[in-house]
Amino acid sequence: MIAMAEGTDEVVTFRVGKQWFGLPVIAVQEVISHQQTARVPLARSCVAGLLNLRGQVVTAIDMHDRMEISANASESLMDVVVCDGGELFALVVDEVGDVVAVPPHTLERLPASLDGLWARICTGVVRLDNGLLALIDVARLLDESSTRP
Amino acid sequence: MDDLLKDFLAESAENLSQLDHNLVELERDPSNTSLLNSIFRAIHTIKGTCGFLGLARLENVSHTAESVLDQLRSGVLKAEPEVISDILRAVDLIKFILSELESHRAEPAGDDSLLVALLEQWLTPIEGQKATAVDGTTQRATAVDLAARPSSSQPEQPSPIHSSLRVNITLLDSLMNLAGELVLNRNQFLEMVSREDDSALATPVQQLNRITAELQSAIMKTRMQPVGSAWGKLPRIVRDIARETGKKIELDMKGAATEMDRQLVQALQDPLTHMVRNSADHGIESVAVRRALGKPATGKILLNAYHEGGHVIVEIRDDGKGIDVAEVRRIAIERGIVSRELAETMSDCRALRLVFEPGFSTAVEVTHISGRGVGMDVVRSNIEHVGGAVDIASVPGRGCTVRIQLPLTLAIISSLIVKAAGELFAFPQASVLELIRRGPDEMSGIDTLRNVRLFRLRDDLVPVVNLADALRLAERGADEVHTLVVCQAGGARFGIIVDEVIDSQEIVVKPIGRLARSVRCYAGCTILGDGRVVMIIDPAALAIRSGTDTSTLSPAAVETPAVPAAKPDSLLLFGIGHDAVQAVPLSLVARLEEIPADRIETAGGNLVVQYRGSLLPLVAAGPSVTFTSGRTNSVIVFNDGSSSFGIAVNDIRDIVDEVLNLELVAARPGILGTAIIAGAATEVLDVSYYMNRARGGMVS
């Protein structure tokens, strides 16, 4: 995430399981409460379905599946709507937090021992008061080649 | 040529409108190379095109102006006011010639040597010559006079240039999307209003409904392209083949202005090229052979495009040797496409269609012109992919006709909404042949062969698959009470079991996102009136995926295996007036309908009836069939793969099981012969005869 280092310093935070993640605020179109989705049978496991956002068809991504974090039963789900490659995606997450300022100097590199999937999707780590925030690159998150069938 | 000229005029008008401004700007800022380059390009484009269009006068002027601009670009000349004025004069003259071209379709007569000489002075940077430029003043005056001459007697007339506008394709696509969304929104309103008996919204929503429909059709029109733009390359291809093979071939193209959605025009291009190549290479005989047969030495290929009942029809017809049906049968058996029994019992029409099967190619020798591995199966799958259908007919020795039927647009289709395992799905109506509802005790119709389930549909065995199973939906679809959706795709028939059919409606096809697209069984998705997103099933892809594609099964297993010699046929008996009764094998019949005689119309001398949103051609089964106003006629509907037609009769009498043994051969057309049915001599109808009549005789 070069843009980040150059001073895009605001991220939208959200939680999946116990982990907090951050997305550059500029990539996020809106945050909505979780919508009813239409299933897409036989699609990749991370595709939670399709939803209708004011007449636009949006692909919902199950972030638990995508980040390989086991799902808890009773979560109040939220959809973080992002745009990538002219297409809309709704990231289905457990909770959406604040928009946090991330000055470039607080951004730390990913630990070398991080597992392959996360290393491919995340761009860096920020230490917050209540834990670590992993920053996500939208394009890499939605790259089909790294998703499970 | 006219189209080219129109395009050229529109394009030049765009270029020229900027040119004056740019030149004046250049005068102020002579070092601005990007400005100079854009001026150069504008003039260069005009020069290039008018050379191509044979506009000598225009070419001469623009060429000279271009040369001067080139000198400016290379720095030999400086962009001084004198030079700029001369170029502006040239631009004025170009404008004048263009405006004359627009109103008279021809260049005006005139002599531009003065202006050309004026410009050429700048091209020779020799001291002595520069001096003459000074006393070019008088010449200039003349040149200006010429250029400034009023262009036409009626300058107020609206010109074609300003009545059309170039619009970006992406903008048109986004307009189409917006219209689609508006349709969905309207559907929501309509649904809301329909729930309340007496809503104040009823009238405005009705208005909204009308305006939306009009808007949608207007936007659809903006995306229309003449089908002729897909066959621009064909004359050249035919000419090359003719030269290479020493044949004489004439390509005749009709209906090039027939319009359809640009996406469909694109989809048509490759199949069309392929089939015209086929006709030229394999269809048309050599001059010597044609002479020997008493045919004209020059072979003809006719392309014909026209609108018919909400579809665009494109026909490729040649007067070559036609297709040898026996040869088609032989090859199909040899390549394992059909069983011998089936090949021998199927009608010629059906046998001919085997050429569309994968792995079939009739070319005895593969020449470098045609045998490029793109077979007719690819043609068919390309056409079917965009919701079209293709059919072939041939008369040996007389020629061959391929008929392509395409929808007008891809964006909005009529669909069948079904439910399977609690989820809704849409089927494109175009690929649905029929619906069969089965109760709990009617499962006997479905047999299992290894792991393939087959349904006995009249006399055919049709592979079936449960939609919920095929899509691996967790909850298993109900097998007890269900509906069988019989689909036709890729030349194969198969049934898909769904829990129930909910509705039939017009839907807007929306693309599915890239992460969901990797699954091949969807043709897209849509949003229903209640806001729900529904996947559109692509039946052909689903068939391949779930293994019901007949080509993956051994042919004998799919079609009725080893027909016993004296197997009884189900025969449909019907009356044709004057107490005469005829019979037709029930296996050929798609449906029976009762149609009020008043709904039967005449179009172009043929009987038609509006049926399921399109026109169904009708043929009366004999002269004694009567159409009495206020009464209904029975219509036997036949479906022949791609198209349907009906035979109108007086009434349906009975269905009997009888071994069909033709005892007397036909004495007149339309009758196969006479057989003893239910103890009485009964004439048996020749369906293929009526099919040809219903189509107005494809090969004449």
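**Where chain B meets chain A**

Author: Let's start with charge: two salt bridges run between chain B and chain A, a salt bridge being a side-chain nitrogen of Lys or Arg within 4 Å of a carboxyl oxygen of Asp or Glu. In one of them, Arg39(A) pairs with Glu423(B), N to O, at 3.9 Å. Before going on, a word on the ground rules: this is a predicted model, in which local features need pLDDT of at least 70 and side-chain atom pairs count only at pLDDT 80 or more, while totals for chains, interfaces and linings use all residues. Residues are numbered from 1 along each chain as its sequence is written, chains are lettered from A and ligands numbered from 1 in the order in which they are written, and side-chain values use heavy atoms, with hydrogens and water left out.

Back to the interface. Four residue pairs, both partners at pLDDT 80 or more, are in polar contact between chain B and chain A; that is a pair of N or O atoms within 3.5 Å, where within protein one must be able to donate a hydrogen and the other to accept it, and residues adjacent in sequence count only if both atoms are side-chain atoms. On chain B, strand S9 (423-428), helix H19 (514-517), strand S17 (522-527) and strand S18 (533-537) each put at least two residues on the side that touches chain A. Helices (H or I, at least four residues) and strands (E, at least two) are DSSP runs, numbered from the N terminus. H19(B) gives the most to that side, with four residues.

As for overall extent, 25 residues of chain B are in contact with 23 of chain A, contact meaning heavy atoms within 4.5 Å. About 2000 Å² is buried between the chains, 63% of it from carbon and sulfur atoms; buried area is the accessible area (1.4 Å probe) that two parts lose on being put together, summed over both. Arg514(B), Leu515(B) and Val533(B) supply 38% of what chain B buries against chain A, more than any other three residues.

Glu285(B) takes part in two salt bridges: with Arg290(B) at 2.9 Å and with Lys295(B) at 2.7 Å, both N to O. Buried means under 20% relative accessible area, exposed over 50%, and partly exposed in between (1.4 Å probe, protein chains only). Glu285(B), Arg290(B), Lys295(B) and Asp319(B) are linked in a network of salt bridges.

Another buried pair is Arg353(B) with Asp391(B), at 2.7 Å, N to O. Over all chains, the structure holds 25 salt bridges.

Arg472(B) is in the loop between helix H18 (467-470) and strand S14 (482-489) of chain B, and counts as exposed at 63% relative accessibility.
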